[in-house]
Amino acid sequence: MGDLLNNDEQNPNLPYSMVKLDFFYPRWGSEHIPWADFLERVRAAGYSGVEWFPFGENIDPISVLQLLSKYKLKYSIVTCVLQGFDTTAAYFKLLEEQLAYYGKLAKAYAAPEFISVQMGREYFSPVDVLQGLRLCERIEKQYGIEIFQETHRNKWSYGLHTVIPMLESYPDLKLTLDISIGFVFRKVCWKIGRRN
């Protein structure tokens with residue numbers, strides 16, 4: 001699918017260079033499909049790979065990485081801390097353990113294209129968020145995997161009013177945009193508003 005936009009090899013006379021896009025199919029919502037069947041469908045549909053939350057289902061991550069290799073598919077990780085915590089220090093310890101696990105998995109088997117982290121909570125202070133961003137940056141450098149902050153409900157990055165000031169404090173901020181919930185929610189609200 002991504003190769004459709006990369007015309008440089010197909011037509012070297014073009015005066016511009018096209019962007020190559022890779023489309024990743026989310027595992028989210030397809031957990032009921034066995035991995036081999038799922039990956040066969042993803043490949044047949046022309047996707048470059050999958051977006052996957054390794055702690056989202058009870059399966060050995062190594063077996064998934066082996067299947068991804070078999071089907072010649074890339075992967076990205078989407079992640080968040082699911083465990084409860086009492087303090088931000090406890091939260092960041094859990095996040096660091098999780099990101100380090102992904103890094104070790106990548107070094108031993110195959111690295112993801114990137115990690116998209118749904119970090120923190122909406123009530124984290126700017127100081128807390130900066131601490132989390134620095135943690136992600138440290139892990140990124142340690143393992144050589146790009147880590148992005150995903151805009152997401154109930155996380156620090158849930159709105160422009162929290163993201164823009166953080167961009168001013170942390171200019172190297174890298175974001176991934178999750179529009180699925182916002183789009184669906186707004187569409188539902190619009191329909192409800194039209195009926196009333």
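These are my notebook entries on one chain, taken from a predicted model.

**Entry 1: overall layout**

I began with the secondary structure. The chain has six helices and six strands. I then read the order from the N terminus, and the elements run β-α-β-α-β-α-β-α-β-α-β-α. Of its 196 residues, 40% count as buried. Last, I checked how far apart in sequence the contacting residues lie. Among contacts with a separation of 6 or more, 69% are between residues 24 or more positions apart.

**Entry 2: helix 3 against helix 4**

I turned to one helix pair. Helix 3 covers residues 88-108 and helix 4 covers residues 126-143. Their axes come within 10 Å and cross at roughly 20°. Angles under 35 degrees count as roughly parallel, so helix 3 and helix 4 are roughly parallel to each other. I also noted the handedness: helix 3 passes helix 4 in a right-handed crossing.

I listed the residues that make this contact. Helix 3 contributes Thr88, Phe92, Leu95, Glu96, Leu99, Ala100, Gly103, Lys104 and Lys107. From helix 4 come Asp128, Gln131, Gly132, Leu135, Cys136, Arg138, Ile139, Gln142 and Tyr143.

**Entry 3: Glu57**

Glu57 sits in the loop between strand 2 (49-52) and helix 2 (61-70). Is Glu57 buried or exposed? Its relative accessibility is 19%. The cut-off for buried is under 20%, so Glu57 counts as buried.

I then looked for its partners. Leaving out residues up to four places away in sequence, Glu57 touches Arg27, Glu31 and Trp35. With Arg27 there is a polar contact between the two side chains, at 2.9 Å.

**Entry 4: Glu150**

Glu150 lies in strand 5, residues 147-151. At 6% relative accessibility, Glu150 counts as buried. Which side chain does the Glu150 side chain meet in a polar contact? I found the side chain of Gln118, at 3.1 Å.

**Entry 5: recap**

I put the two glutamates side by side. Glu57 is in a loop and Glu150 is in a strand. Glu57 counts as buried, and Glu150 counts as buried too. The Glu57 side chain has a polar contact with Arg27, and the Glu150 side chain has one with Gln118.

Definitions and conventions:
Residues are numbered from 1 along each chain as its sequence is written. This is a predicted model: local features need pLDDT of at least 70, side-chain atom pairs count only at pLDDT 80 or more; totals for chains, interfaces and linings use all residues. Side-chain values use heavy atoms; hydrogens and water are left out. Axes are lines fitted to C-alpha atoms, for helices over the stretch in contact, and angles run from 0 to 180 degrees between N-to-C directions. Helices (H or I, at least four residues) and strands (E, at least two) are DSSP runs, numbered from the N terminus. Angles under 35 degrees count as roughly parallel, over 145 as roughly antiparallel, 65 to 115 as roughly perpendicular and the rest as oblique. A crossing is left-handed if the near helix is turned anticlockwise from the far one by less than a right angle, and right-handed if clockwise. Contact means heavy atoms within 4.5 Å. Buried means under 20% relative accessible area, exposed over 50%, partly exposed in between (1.4 Å probe, protein chains only). A polar contact is a pair of N or O atoms within 3.5 Å; within protein, one must be able to donate a hydrogen and the other to accept it, and residues adjacent in sequence count only if both atoms are side-chain atoms.
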